[in-house]
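Please open the model in a viewer and keep the selection tool at hand. The tour goes from stop to stop, with a note on what to select at each.

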Amino acid sequence: MQRREKLSSAIKAQNYIPKLLEVFHSVEDLDDANSLRVLYEIFKSIWLLNQADLYEIMFKQEYIFVS
């Protein structure tokens, strides 16, 4: 439990999710399936940390409704 909280704090402190989303958009534009799979696993791992504060970041309107 404490490891999850420490990892969650590190992810928030380093603005990791917005950086991952930037990488996602670049990789998506390149149609790089292997990199998309890796990003999927990273996001899945973040999701499985089950931390509400990370969910709030992931589901910000500015990230969800990007065109």
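A residue counts as buried under 20% relative accessible area, as exposed over 50%, and as partly exposed in between. The model is predicted.

**Stop 1: asparagine 15**

Select asparagine 15, in the loop between helix H1 (2-13) and H2. Is this residue buried or partly exposed? Its relative accessibility is 48%, so asparagine 15 counts as partly exposed. Check the backbone as well: phi of asparagine 15 is near 50°, a positive value in a residue other than glycine.

**Stop 2: aspartate 31**

Next, go to the loop between H2 and H3 and select aspartate 31. Here too phi is positive in a residue other than glycine, with a value near 55°. Aspartate 31 has a relative accessible area of 65% and is therefore exposed.

**Stop 3**

Glutamate 28 belongs to helix H2 (residues 16-30). With a relative accessible area of 38%, glutamate 28 is partly exposed.

**Stop 4: the aromatic cluster**

Clear the selection, then pick Trp47, Tyr55 and Phe59, which form one aromatic cluster. How many aromatic pairs does the structure hold? There are two. A pair of aromatic rings is described by the distance of the centres and the angle of the planes.

Begin with tryptophan 47 and tyrosine 55. Their ring centres are 4.2 Å apart and their planes stand at 35°, so this pair is tilted. Tyrosine 55 is buried, at a relative accessible area of 18%, whereas tryptophan 47 is partly exposed, at 39%.

Now show tryptophan 47 with phenylalanine 59. This aromatic pair is edge-to-face, with 5.8 Å from centre to centre and 90° between the planes. Which parts of the chain does the pair tie together? Tryptophan 47 sits in helix H3 (residues 33-48), and phenylalanine 59 in the loop between helix H4 (52-58) and helix H5 (61-64), so the pair ties together parts that are 12 residues apart in sequence. Phenylalanine 59 has a relative accessible area of 48%, which means that phenylalanine 59 is partly exposed.

**Last view**

Definitions and conventions: Residues are numbered from 1 along each chain as its sequence is written. This is a predicted model: local features need pLDDT of at least 70, side-chain atom pairs count only at pLDDT 80 or more; totals for chains, interfaces and linings use all residues. Side-chain values use heavy atoms; hydrogens and water are left out. Helices (H or I, at least four residues) and strands (E, at least two) are DSSP runs, numbered from the N terminus. Buried means under 20% relative accessible area, exposed over 50%, partly exposed in between (1.4 Å probe, protein chains only). Rings of Phe, Tyr and Trp (its six-membered ring) pair if their centres lie within 6.5 Å; planes under 30 degrees apart count as stacked, over 60 as edge-to-face and the rest as tilted.
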